[in-house]
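Hi,

Here is the structure I promised to pass on. Have a look at it first, and my notes follow below.

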Amino acid sequence: MPKVTVPDHGTFEVEEGKKLVLALEDNGINILHRCGGKAKCTTCRVEVTAGDLGALTDIETEAFSRKGIQEGLRLSCQVRVYDDVTVQPVMTEGNSDLDAGPRPTE
Ligand code: FES
């Protein structure tokens, strides 16, 4: 099974093909996903510091350009884990005053 590492949190194995946002949440990281995984809010974005999550999708490109967000990030609601990766969530309940939001679908 692929492994996801989050600095200052640890490394955990995830089911191959699992949506990254759910892998993070199910392993105790209170990442925001304010739009429920619909690629609208970008609060689920993560910085990828190692590994590969595949090519940036058109949906992500569109969402990031609409929000004026820099490259090098991924929307964790739009990518699935097939290989080992290291990611740093940008927005969590711990570093914002926001609730996580509705859980994205599997
Ligand atoms: S863009 Fe809103 S949860 Fe991913």
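To start with, is Asp-26 buried, partly exposed or exposed? Asp-26 is partly exposed, with a relative accessible area of 40% (buried means under 20%, exposed over 50%, and partly exposed in between, using a 1.4 Å probe and protein chains only).

Before the rest, a word on the source. This is a predicted model, where local features need pLDDT of at least 70 and side-chain atom pairs count only at pLDDT 80 or more, while totals for chains, interfaces and linings use all residues. Residues are numbered from 1 along each chain as its sequence is written, and side-chain values use heavy atoms, leaving out hydrogens and water.

Now the charges. Asp-26 forms a salt bridge with Lys-18, with 3.0 Å between the closest N and O atoms (the rule is a side-chain nitrogen of Lys or Arg within 4 Å of a carboxyl oxygen of Asp or Glu). Lys-18 is buried, at 17% relative accessible area. By this rule there are 6 salt bridges.

Another one joins Arg-103 and Glu-106, at 3.4 Å from N to O. Arg-103 is partly exposed at 39%, whereas Glu-106 is exposed at 58%. Lys-18, Glu-25, Asp-26, Arg-103 and Glu-106 are linked in a salt-bridge network.

Arg-66 also pairs with Glu-62, the closest N and O atoms being 3.3 Å apart. These two sit 4 residues apart in helix 2 (residues 58–67), so about one helical turn separates them (helices are DSSP runs of H or I, at least four residues, numbered from the N terminus).

Cheers
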